[in-house]
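Me: I have a structure open and would like to go through it slowly. Could you help me with a few questions?
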Amino acid sequence: MGLRKIVEQGDDCLTKVCRSVTDFNARLHTLLDDMTETLQAAEGAGLAAPQVGVLRRVCIVMDAETEEYIELVNPEILFQKGEQTGPEGCLSIPGKWGLVTRPEWVRIRAQDRNGSWFEVEGEGLTARCFCHELEHLDGHMYTEHIDRFLTEEELVEYMGEDREA
């Protein structure tokens, strides 16, 4: 396994639609392992393949409740419900946050590293991460949903209110 460089906003990889994975082989397994290690080192909640320069429909999301990593290959949102608005950031836009409205709950269908289909659900932060990472696979970023970036003071205030709730 190895750490991969996370590309930042402005890199063309982040604006392209990713291709589906068709070969479930050692190369894919290495990508998934490297992405997990990279995500752990960056202390993030999710990472999509285009963020490490690979235009494939692959992402990793940390389940906020179990703190386990979920590997998603060729993922798609099947159902979503509810609404939540909260601060969102991205490893490809370090140090910046904006308020984004996402579904409160989502169900995802994806393949695992061996090509087997499965479904997984997430709510709250996990649902937010699923939506955020899947957008990367279609060349979109959270900044398309915000009016402006939050100031440091606004972020601290919002996070303080969130902890109290």
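Me: Which residues does Arg-102 touch, not counting those up to four places away in sequence?
Reply: This is a predicted model, and in it Arg-102 touches Gly-82, Glu-83, Gln-84, Glu-88, Arg-128, Cys-131, His-132, Glu-135, Tyr-142 and His-145, with residues up to four places away in sequence left out of the list.

Me: OK, and where is Arg-102 placed, in which strand?
Reply: Arg-102 belongs to strand S5, which covers residues 93-102.

Me: Is Arg-102 buried or exposed?
Reply: Arg-102 counts as buried because its relative accessibility is 5%, and buried means under 20%.

Me: Which side chains have a polar contact with Arg-102?
Reply: The side chain of Glu-88 is joined to that of Arg-102 by a polar contact of 2.7 Å, and the side chain of Glu-135 is joined to that of Arg-102 by one of 3.1 Å.

Me: Switching topic, how many residues are in the largest nonpolar core?
Reply: The largest nonpolar core has 16 residues, and those with the most contacts inside it are Cys-59, Leu-72, Val-106, Ile-108, Val-120 and Phe-130.

Me: Which strands and helix each supply at least two residues of this core?
Reply: Strands S2 (58-62), S3 (69-81) and S6 (105-111) each do, as does helix H2 (125-136), and H2 gives the most to this core, with five residues.

Me: And what does Phe-130 touch?
Reply: Leaving out residues up to four places away in sequence, Phe-130 touches Val-61, Ile-70, Leu-72, Val-106, Ile-108, Val-120, Glu-121 and Gly-122.

Me: How many residues are in the other core that lies apart from this one?
Reply: That other core has 14 residues, among them Ile-6, Leu-28, Met-35 and Ile-60.

Notes. Residues are numbered from 1 along each chain as its sequence is written. This is a predicted model: local features need pLDDT of at least 70, side-chain atom pairs count only at pLDDT 80 or more; totals for chains, interfaces and linings use all residues. Side-chain values use heavy atoms; hydrogens and water are left out. A nonpolar core is a set of buried Ala, Val, Leu, Ile, Met, Phe, Trp, Tyr and Cys residues joined through side-chain atoms within 4.5 Å. Buried means under 20% relative accessible area, exposed over 50%, partly exposed in between (1.4 Å probe, protein chains only). Helices (H or I, at least four residues) and strands (E, at least two) are DSSP runs, numbered from the N terminus. Contact means heavy atoms within 4.5 Å. A polar contact is a pair of N or O atoms within 3.5 Å; within protein, one must be able to donate a hydrogen and the other to accept it, and residues adjacent in sequence count only if both atoms are side-chain atoms.
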